[in-house]
Amino acid sequence: MEKRSWSASVWPWLSARLHALRRSWLRVGLPAKLLFLTAVFVMLAEILIFLPSIANYRISWLNDRLTAAHVASLAAEAVPSRTVPPALRNELTRTALVRAVAIRRGGARRLILPPVTELNIDEHFDLRQQSDLTLGEDLSLRLSQIRDAIAIYFASDDRVIRVIGPLGPRYDDVIEIVLPEEPLRRAMVAYGMNIVYLSIIISLLTAALVYFAISWLLVRPMMRISRNMLHFGENPEDTSRIITPSGRADEIGTAERELAHMQRQLTHLLTQKNRLAQLGLAVSKISHDLRNMLANAQLISDRLTTIPDPTVQQFAPKLIASLDRAINFCNSSLRFGRAEEAEPRRELMRLKPLLEEVAEGFGLPREKVAWTMEMEDQLLVDADHEHLFRVLSNLTRNAVQAIESRGDGKPGEIRVRAWRERRKIFIEMTDDGPGIPGHIRPNLFRAFQASTRKEGSGLGLAIASELVAAHGGKLELVDTGTPLGATFLIELPDRSVR
């Protein structure tokens, strides 16, 4: 119960602290994060170096004790009758920092410098190195040495250890020493503190060098890019706010150049949008007044139907139909200006009479412009009559103007083919004019960007493509592989069966 209560009180506090640290970290700037992370990573690298270093220092210190004990044993053996006086024994063990020394040769063990009192040995360490260790055994030995070195920092002050070292080429010839571990721990603490101080200095120096290098190479250019993005976002239409690339050849330079290109495109698009908005307002006003004028003309034309003249009776319905279409177009333009594009009112109708109506509106066929249609007389299309009429009219007008713009006086031809494939109608219109230049084709169906004539507005194909798309179809330029002439293909699917 107490454990559950402790967990219930600690975990919310710990979670809140971690959340606060995360929010604080997110508020820290990129340079400060870079400096902190560099220092942390260098310290981690120093720790990885520190552990083998203290392990090697411990082995070296113990080997020094073995060497000193060996020298002391030689001095003890040189004493006549090999009976070491107590004063000399104390001096030799004090100098070697050991309490007892024994030598084993040929399987016989002899105590050279015996201890003064009885000793309780806490740990045994064998420093004899084996040259035939495998990679795994050598790695295990290194880890064991590191573990023994770390354990010294946490051992008691009165611990006594026994160390075995080589005495010659034979593995069984060894020297054994017994010594207190406290001098070794003092030496290792001093050595470790020196490494810690040196590591801190190296970490700070390395972090500073890395920080200034990366700051100059990456952080400062990125901060410049971010400041420019904020500055540009305040007024994207101001071309003076576009970033000036530094000319670097690396990824930062690429980012600067791409950002400048994107900003120029955005500025151009915003300028174009503003102009289109102003143009749309002007067109709405013109359409409003033109609709009133056409309404008056429609009233006058209605009176023509009362005239019994056969010629008037023949052309009056066509004049009235043209006026109705013009009035509907003005109404559509006004609705478009209010972003109220009407949905297509689709119906099944014969395609050939609609094409004949389009051709008659342009006086086709006529001198030097032939008009040919290839389709079944009963071919039906599921589309809005007015929308499809406008699409075909725009394509026909462009074809006629293309043929007339050749200037060679030779006759041209406009060919229209139509066929059905399952639930789709395909309408192909081809002319033998001069063709469409390659630099115009990428923007062929974009408003104000695809006109090949000085007096053209570049709206015809854009409007036609939009009307076809409203039917769920598509309008595309067919690549015939020849530079002359142009072929457009309309794909219109039937309405989905619900």
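Modeller: The account below begins with the basis of the values, then takes up the sheet, the salt bridges and the aromatic rings. The model is predicted, so to speak of local features a pLDDT of at least 70 is needed, side-chain atom pairs count only at pLDDT 80 or more, and totals for chains, interfaces and linings use all residues. Residues are numbered from 1 along each chain as its sequence is written, and side-chain values use heavy atoms, with hydrogens and water left out.

Five strands make up an open sheet of mixed pairing, in the order S2-S1-S5-S4-S3. Strands are DSSP runs of E with at least two residues, helices are runs of H or I with at least four, and both are numbered from the N terminus; two strands pair if DSSP finds at least two bridges between them. S2 and strand S3 (123–126) stand at the edges with a single partner strand each, so one side of each has no neighbour in the sheet. On average, neighbouring strands of this sheet are turned by 20° against each other, direction ignored; the axes behind such angles are lines fitted to C-alpha atoms, for helices over the stretch in contact, and angles run from 0 to 180 degrees between N-to-C directions. S1 and S2 run antiparallel and are joined by five bridges, and Ala-102 stands opposite Leu-111 in S2.

Side chains of opposite charge can pair when their charged atoms come close. A salt bridge here is a side-chain nitrogen of Lys or Arg within 4 Å of a carboxyl oxygen of Asp or Glu, and the count comes to 22 salt bridges. Glu-176 meets Arg-104 in one of them, at 3.8 Å from N to O. Because Glu-176 lies in strand S5 (residues 174–180) and Arg-104 in strand S1 (residues 100–105), this pair ties together parts that are 72 residues apart in sequence. Glu-176 also forms a salt bridge with Arg-109, with the closest N and O atoms 3.1 Å apart. Arg-109 belongs to strand S2 (residues 108–113), so its pairing with Glu-176 in S5 ties together parts that are 67 residues apart in sequence.

Accessibility is classed as buried under 20% relative accessible area, exposed over 50%, and partly exposed in between (1.4 Å probe, protein chains only). Glu-176 is buried at 3%, Arg-104 is partly exposed at 25%, and Arg-109 is exposed at 52%.

Rings of Phe, Tyr and Trp (its six-membered ring) pair if their centres lie within 6.5 Å; planes under 30 degrees apart count as stacked, over 60 as edge-to-face and the rest as tilted. The structure holds two aromatic pairs. Tyr-57 and Tyr-191 form a stacked pair, 4.3 Å centre to centre with 5° between the planes. This pair links distant parts of the chain, with Tyr-57 in helix H2 (residues 30–77) and Tyr-191 in helix H5 (residues 182–234), 134 residues apart. Tyr-57 is partly exposed at 25% relative accessibility, and the value for Tyr-191 is 25%, partly exposed.

A charge sits over a ring if NZ of Lys or CZ of Arg is within 6 Å of the ring centre and within 35 degrees of the ring normal. Arg-58 has its charged end over the ring of Phe-125, 4.6 Å from the centre.
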